[in-house]
Amino acid sequence: MIATISKLKKSGILGMNRRNADFILPYNPRKNYPLVDDKVLTKNLAQKAGMAVPELFGVIDSNHKLKGLEKLLGKLDGFVIKPSRGSGGNGILVAESRRNDLFFKPDGSVLDINQIKYHTANILSGLYSLGAIMDKAMIEYKVKFDPIFRDISFQGVPDIRVIVFKGVPVMSMLRLPTKLSAGRANLHQGAIGVGVDICTGTTLGAIWKNKPISHHPDTAAPIKSIRLPGWDKILLNAAKAQEIAGLDYLGVDIVLDQDLGPMILEFNARPGLAIQLANSCGLSPRLEQVQNIKELPHETEKRVALTKKLFACHLNQNGSALLTF
Amino acid sequence: MIRNNRGTIIIVLLITSFAGVIFFYKVHKLGLPLTPDQQVDLWNVEARITFDSPPGPAQVRSAIPLRPMGFQIMGEDFISGSYGLSIQSDEHNRYAHWTVRRVRGSQALYYRVQLRRVTEGSMPGNENIPLPPMVPDYGEMEKAAAMAILEEARRSSADVATFVRQFLERFNDSNPSENYRFFLRQASTPMEKIHIQMHILAGARVPSRVIQGVLLADGKRFLEITPWLQVHNGKKWLSFNPDTSEQGLPENFLIWSIGEEPMVSAQGVGNVNINFSSSIISENMLRLIADFPLQNSSFLLNYSFLDLPLHTQNLYKLLLLIPLGALLVVFSRNVIGIPTFGTFMPVLIALSFKETNLLVGIILFLVIVTMGLALRSVLDKMRLLLIPRLASVLILVIMIMAAISIISHKLGIPSGLSAAMFPMVILAMTIERMSVVWEESGPADAIGQGLGSLAVAIVAFGIFKNNLLEHLFFVFPELVLVVLAICLLLGRYTGYRASELIRFRTI
């Protein structure tokens, strides 16, 4: 079965072509891309702006520094190694725990230092990176996710993606790792996308492999109607992200740490469109609503308030969102 | 889609109309063929000169066409046997001289010419305007008759053309007046008749001359030499039928020589005769244009691919189709939404399919990529750095290609040899990308993108293999601008991709 063009239009679905031509090209100046494409830069900027980020233990930017990797990891129990300019969750290696010289991935498989070095060398050679020949490898704090996710996440860290348009959060989704996604939170790799009510932070329906689901496929726990803690802070962080990234159409990825609360993970200048499926709702009307406002407030708080005013929704009896525009 | 697109649309319209104007000019004015096998009719005219020669040397001179009005000479040849041949030309005519030192008996010489009918072809513009002739020394009676004739014609005419027509009408009247009858007595042959007409017209100081030619007819032999009267009106030569006063040459009248001189003259031989036959032959139009640019050749033809050396031409025949391949990729990805490895990889694969043929190409592609992936997975275990690994994959691809060529040759399968035609760097990159996608997003994505690339490559192959498209883009390279315009338009296409209708079907 396929949808008709008029049906997609009526649902306000934003297509890839229009996203690129009408939002990314005009609203995201090319010169600001390096800030979001290089996660070390993003992290520094976010930190300067007073936002919480996963701590950076070290950066490896050349092959001869690989020798120092062992020392760097010496005192760490868990860590994440990822390419500074990676895309689509590629090239991320997670070590969850260690015993003596061996590390363990979230799925329990063993990592020795040579495997880690090989992976890091691959990152340096640019294998996972956006059109870059060379890259840096970041070694950072492995987030301990909030207990609320314990039952609906499988071997990985769930993250929250918020689409922010001109500084106004417009749509959000929770991404849950699965066995299929091997702990990664990217939808095309098999993670679950859960629509999140942008006003309240309550989970709506979910999609997995492009199909609607109601329970986590690995843990069988229900996904709907979970209220994410600290939602207002998440929205504030997302709205603020636009200010430091200088990109008006931005995807902000935030993780919830059980001890440290919401932390900025990364920004995305070309956020994907699957968020619409997770929310069963098109992006176009919301983006146009923001577009139609002549003067948007400068204060971050006021823009978050605007989100709640514009996209106020009521939960009906079934728990699914009834949007009022 | 209309928003902010005015600039793009204006540029697109400008480009398209510019290309369109050139295209229509080339089709309608220059007559370039729209299909590769369009034929054009050529007249093949043969002059056969026969004579009897007593023993000894012989010399024959024959007029041959120089710049016949309404025709373009596409080729000519002489069959001269043991005769020496030289060609001379003066302002109006060209002559073939055949000479031989010793010959006897009846002889035959041939001249053959291929002519193309051209519509706008007229007398060359650089011809000098002739001086008005002196009034001839008419005898007393003759003068009175001539002046009366001319005065009468002048009274009922507005310009040179009507003047000559009036004169010729009365000249050819079945019951001519007394003045005409005075002259008509002297006219027994057609040539003499025109001579007299010219003689009278000279009294009005109107420049005139005789042209001799043949009226071509398909499959006709023994065509008659017909003399025709031409009068200059101060701007150009006008032709008149000396027998009917009708103005203008018949459509297929081929001017052979200008002037009263006989077409053939000979020394030392007798019984000289010239015979014409004509027929229509078909020729490939494009080859003709390439070999014989029009006399008043256009800039567009002089600066075209048709002028390049043949092997460069063949290269451009293919290169000019690549924009279409690129357009196909744009369409596949942005309108349909087919995933492919690398943006233009399918185009390059399609180019190699053109060398290997489709089925063999697909099989070779699948074999090379599958083997490459298998070997790549072994490399993966060795944990090589990216660039050395890419280099290794490239080397493996070349070895696979070489092995396929050698083994298939031994097995007597000649098509395996064409494995060498594949772009190995592209294949190596494809294998590398595919194995990364395989690892990152699973085999479904990898195989899906691989098949997507192959599908686009197959369609691109269809384009590259199409003779009509090859012909059109080669002869009308301005069509590339149209492709560019479509690409620009698609660059502002913000509608849904067909794949999104499936992706968002659950909405």
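Helix 13 of chain B is followed by Gly442(B), a residue whose phi is positive, near 95°; helices here (H or I, at least four residues) and strands (E, at least two) are DSSP runs numbered from the N terminus. The model is a predicted one, in which local features need pLDDT of at least 70 and side-chain atom pairs count only at pLDDT 80 or more, while totals for chains, interfaces and linings use all residues. Residues are numbered from 1 along each chain as its sequence is written, and chains are lettered from A and ligands numbered from 1 in the order in which they are written.

Helix 13 of chain B covers residues 424–441, and its 18 residues reach 25 Å from the first C-alpha to the last, close to the 26 Å expected at 1.5 Å a residue, where the expected span is 1.5 Å times one less than the number of residues. Among its buried residues are Ile426(B), Leu427(B), Ile431(B), Met434(B) and Val437(B), and Glu432(B) is also one of them. A residue is called buried if 20 or more other C-beta atoms lie within 10 Å of its own, exposed if 12 or fewer, and partly exposed in between, with C-beta atoms placed from the backbone. The buried residues of helix 13 of chain B pack against helix 10 (345–356), helix 11 (358–381), helix 12 (386–410) and helix 14 (443–465) of chain B.

Elsewhere in chain B, Ser208(B) lies in strand 5, which runs over residues 208–215. Ser208(B) counts as buried because it has 22 C-beta neighbours inside 10 Å. Leaving aside neighbours within four places in sequence, Ser208(B) is in contact with Met198(B), Leu201(B), Leu229(B), Gln230(B) and Val231(B), contact meaning that the C-beta atoms of two residues, placed from the backbone, lie within 7 Å. The C-alpha atoms of Ser208(B) and Gln107(B), which are 101 residues apart along the chain, are separated by 36 Å.

**Chain A: overall form and domains**

The secondary structure of chain A comes to 10 helices and 16 strands. The radius of gyration of chain A is 19 Å, close to the 20 Å that the globule rule gives for 325 residues, so chain A is as compact as a globular protein of that length; the radius is taken over C-alpha atoms, and the rule is 2.2 Å times the number of residues to the power 0.38. Further values for chain A are set out below.

| Property of chain A | Value |
|---|---|
| Span of the C-alpha trace along its principal axes | about 55 × 45 × 40 Å |
| Buried residues | 49% of the 325 residues |
| Contacts joining residues at least 24 apart, among those between residues at least 6 apart in sequence | 62% |

The domain assignment of chain A gives domain 1 (5–33 + 146–323) and domain 2 (55–140), with bounds that come from an automatic or database domain assignment. The C-alpha centres of these two domains of chain A lie 28 Å apart, and nine residues of domain 1 are in contact with six residues of domain 2.

**Where the chains meet**

In the model, 28 residues of chain A are in contact with 22 residues of chain B. The largest share of the side of chain A that touches chain B, five residues, comes from helix 2 of chain A.
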